[in-house]
Amino acid sequence: MSSEESYIFQNQISKKAPMLVKASGIHITYEDPATKKQHTVIDAMTGAAVGSLGYHDPDVIAAMKDAAETSNYSFGMYFGNYASEELSKFIISRSPKDHFASCLWVGSGSEANENMMKIVKQYYNEIGETKRRKFISRLNAYHGFTIGALSLGQGIRKADFEDILLKEGDQCFKVSSCYPYHVINEEFTEADYTKQLLDELENKIVANDPDTIACVVLETVGGSSVGTVCPPAGYLDGVRALCDKYGILLSLDEVMVGLGRAGAPYYHTYEKFMTSGKGPDLMTIGKTIASGYATIAGVMISPKVKKAIVSGSDAIAGAQTYHCHEFNCKIALAVQKKLYEKDIIKTGGEAGQYLMDILKRDLKDSKIVGNVRGLPLFHSVEFCNPATKEPFDPSLKIAYRVHDKALENGITTMGLSGSIGEFTTKDSKTLKCAGDHISVGPAYIITKSDAELIAKALVDAIKSVEKEIYPDSV
């Protein structure tokens, strides 16, 4: 086996990926495994939007050392641990009053959404509505890479596994992606679009026997698959009202977009968009909860769902080996406490908003940028014809080219295609995997000076690719 061949079954299987060898604060250093040449860059994307405190935070390292000395393994069928109770209490107490009453801690966002689906089914079994088994989610959504989570999603990462997933039209149903930029115009307002989306959802519910629909599952803000698309005004409250009307549970997926990504005063991102004061019945969270220091995600459960199960069996059938793992819960709690005690969500959100404002300003005349959107600490640039909003041909690989040039310029990003899905142009050409975007999701510790560096690196990368596509542009 050559020194460049990998033993790891991920990414490009046969070849070692660039190796991350050290990191500090917002910077990472990666090494070419063949040449051993190293490069240090700003981690503006923190992997998959995982970072909240940055690397090698001294307080988290101290907490990890303490946790290593004091943590024990407890199997949830027999024993609990105080750390999981304390983490749950901390996050519930910082959520809107009476929105959540219990938490389950798992190992990843995919696992969180799998457990959410089982909690939904148990809820209906407990209250005697056993026919409810169907889930409604959105086109071009992403909820994870396990079987159930992939079934809820819809996009390019799903296609190869369709025949082993929960069947569309039987157990899983899709409504349109939430994508205001491509729909709203002078003749079709935001209110019109919200009504269109809600009418479509209600029609889907009615057409598929409302008494068999168990849950509507939505990303509060679209994540990697669409590029941080925020919902139109009134949409989430409207979905909440429809779920209440038909006795359906609402689950929000904030694995990638929650726990501070929206900036202060919002802890959960749905608080920014649901003005009714209501919340979801279930919500999945993860990533920034432990800032990559531990592998943890969770399901948050409302008082309504908890009460129904407590009043019934008062038990969860089964458990997974590392549910509510003490070490992971201690680290997550240390991260979340520091974010609050140092007011980092507020200061980071201000710097993140500053970054997004610079991108909007400096890219407003770009020939390949149509939209800059998202949350203060997780936002995206969409590449398209800004006059017509038509996506570029996927063969141009614009997002990937910008990603590569941004890395050369000293920052990480996440460049992806497929945000629109299949698209038919005016000349009847069908583009598969259409729509390009690039995202940044920095750690909350960034400053305005950091934001300026990130913005310059990304803007220069975009202008470089624009020059390649339009050589005569200035």
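This is a predicted model: local features need pLDDT of at least 70, side-chain atom pairs count only at pLDDT 80 or more; totals for chains, interfaces and linings use all residues.
A residue here counts as buried under 20% relative accessible area, as exposed over 50%, and as partly exposed in between. Side chains of opposite charge can pair when their charged atoms come close.

**A pair within helix α6**

- K195 and D199 form a salt bridge, with their closest N and O atoms 2.7 Å apart.
- Both residues belong to helix α6, which covers residues 190-207, and they sit 4 residues apart, or about one turn of the helix.
- D199 has a relative accessibility of 32%, so it counts as partly exposed.
- K195 has a relative accessible area of 53%, which means that it is exposed.

**A link from helix α6 to helix α7**

- E202 pairs with K245 in a salt bridge, and the closest N and O atoms are 2.7 Å apart.
- This pair joins distant parts of the chain: E202 is in helix α6, while K245 is in helix α7 (residues 235-246), 43 residues apart.

**A link from helix α12 to helix α13**

- R401 and E468 meet through their side chains in a salt bridge, at 2.7 Å from N to O.
- Here too the pair connects distant parts of the chain, with R401 in helix α12 (residues 398-408) and E468 in helix α13, 67 residues apart.
- R401 counts as partly exposed at 24% relative accessibility, and E468 is also partly exposed, with a relative accessible area of 40%.

**A salt-bridge network**

- Salt bridges link R240, D244, K278, D281 and K304 in a network.

**A look along helix α13**

- Helix α13, which contributes E468 to the pair with R401, runs over residues 448-469 and has 22 residues.
- From its first C-alpha to its last, α13 reaches 31 Å, close to the 32 Å expected at 1.5 Å a residue.
- The buried residues of α13 include A451, I454, A455, A457, L458, V459, A461, I462 and V465.

Conventions
Residues are numbered from 1 along each chain as its sequence is written. Side-chain values use heavy atoms; hydrogens and water are left out. Helices (H or I, at least four residues) and strands (E, at least two) are DSSP runs, numbered from the N terminus. The expected span of a helix is 1.5 Å times one less than its number of residues. Buried means under 20% relative accessible area, exposed over 50%, partly exposed in between (1.4 Å probe, protein chains only). A salt bridge is a side-chain nitrogen of Lys or Arg within 4 Å of a carboxyl oxygen of Asp or Glu.
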